[in-house]
Amino acid sequence: MQFEIVNTTAQPMLYVTRTSSMDSDEIAGVMGEAFAAIGAFIGKKGITPAGPPIALYRDWDGKTMKVDVGFPVRPEDATSAE
């Protein structure tokens, strides 16, 4: 396996964080609810995503994990969402 370092520019993202067990059915439910919540928020604010949806899985302990679910947005939309 080869690894490559790629430098990119920062990309603002609006997201929600949820916790799930490692069960695939629960992950699917949590992801669906999270995308619905962030989708409703950006729709209410009139924000258009600047790219495809993103899900970041983190803090795995073997039983649970956290997942950040959201969309990249333009910098001005990130600051107006506060």
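These are my notebook entries on a predicted model of a protein.

**Ground rules**

I number residues from 1 along each chain as its sequence is written, and I work with side-chain heavy atoms, leaving out hydrogens and water.

**Entry 1: overall layout**

I began with the secondary structure. I found two helices and three strands. Helices (H or I, at least four residues) and strands (E, at least two) are DSSP runs, numbered from the N terminus. I then read along the sequence and got the pattern β-α-β-β-α.

I looked up the extent next. The C-alpha atoms fill a box of roughly 40 × 35 × 20 Å, taken along the principal axes.

I also checked contacts, meaning heavy atoms within 4.5 Å. Of the contacts with a separation of 6 or more, 63% are between residues 24 or more positions apart.

**Entry 2: surface and burial**

Accessible areas come from the Shrake-Rupley method with a 1.4 Å probe, and for residues only the protein chains shown count as cover.

How much of the protein is buried? Buried residues make up 27% of the 82 residues.

**Entry 3: the core**

I turned to the largest nonpolar core and noted 15 residues. Such a core is a set of buried Ala, Val, Leu, Ile, Met, Phe, Trp, Tyr and Cys residues joined through side-chain atoms within 4.5 Å. Leu14, Ile38 and Ile42 have the most contacts inside this core. Strand β1 (13-21), helix α1 (24-45) and strand β3 each supply at least two of its residues. Helix α1 gives the most, with six.

I found a nonpolar surface patch of about 330 Å², made by Met22, Tyr57 and Trp60. Patches are made of residues with over 30% relative accessible area and no salt bridge; like charges are joined within 9 Å, and nonpolar side chains (Val, Leu, Ile, Met, Phe, Trp, Tyr) within 5 Å.

I looked at Trp60 on its own. Trp60 sits in the loop between β2 (54-58) and β3 (64-72). Its relative accessible area is 54%, so Trp60 counts as exposed.

**Entry 4: salt bridges**

I counted five salt bridges in the structure. The rule is a side-chain nitrogen of Lys or Arg within 4 Å of a carboxyl oxygen of Asp or Glu.

One of them pairs Arg18 with Glu33 at 2.7 Å, N to O. This pair links distant parts of the chain: Arg18 is in strand β1 and Glu33 in helix α1, 15 residues apart. Arg18 is partly exposed at 25% relative accessible area. Glu33 is partly exposed too, at 38%.

Another joins Asp77 and Arg74, at 3.1 Å. Asp77 belongs to helix α2 (residues 75-80). Is Asp77 buried or exposed? I noted a relative accessible area of 9%, so Asp77 is buried. Arg74 is partly exposed, at 43%. Leaving out residues up to four places away in sequence, Asp77 touches Ile47 and Thr48.

**Entry 5: the Arg58 network**

I followed Arg58 next. Which residues are linked with Arg58 in a network of salt bridges? I found Asp59 and Asp68. Between Asp59 and Arg58, the closest N and O atoms are 2.8 Å apart. Arg58 is partly exposed, with a relative accessible area of 30%.

Asp59 lies in the loop between β2 and β3. Asp59 is partly exposed at 47% relative accessibility. I also checked its backbone: phi is near 55 degrees, a positive value in a residue other than glycine.

Asp68 lies in strand β3. With a relative accessible area of 8%, Asp68 is buried. A polar contact of 2.9 Å joins the side chains of Asp68 and Arg58. For that term I need a pair of N or O atoms within 3.5 Å; within protein, one must be able to donate a hydrogen and the other to accept it, and residues adjacent in sequence count only if both atoms are side-chain atoms.

Last, I looked up what Asp68 touches, not counting residues up to four places away in sequence. I noted Met13, Tyr15, Val16, Thr17, Ile54, Ala55, Leu56 and Arg58.

Note on methods
Predicted model: local features only at pLDDT ≥ 70, side-chain atom pairs only at ≥ 80, totals over all residues. Buried < 20%, exposed > 50% of the residue type's maximum accessible area, 1.4 Å probe, protein only.
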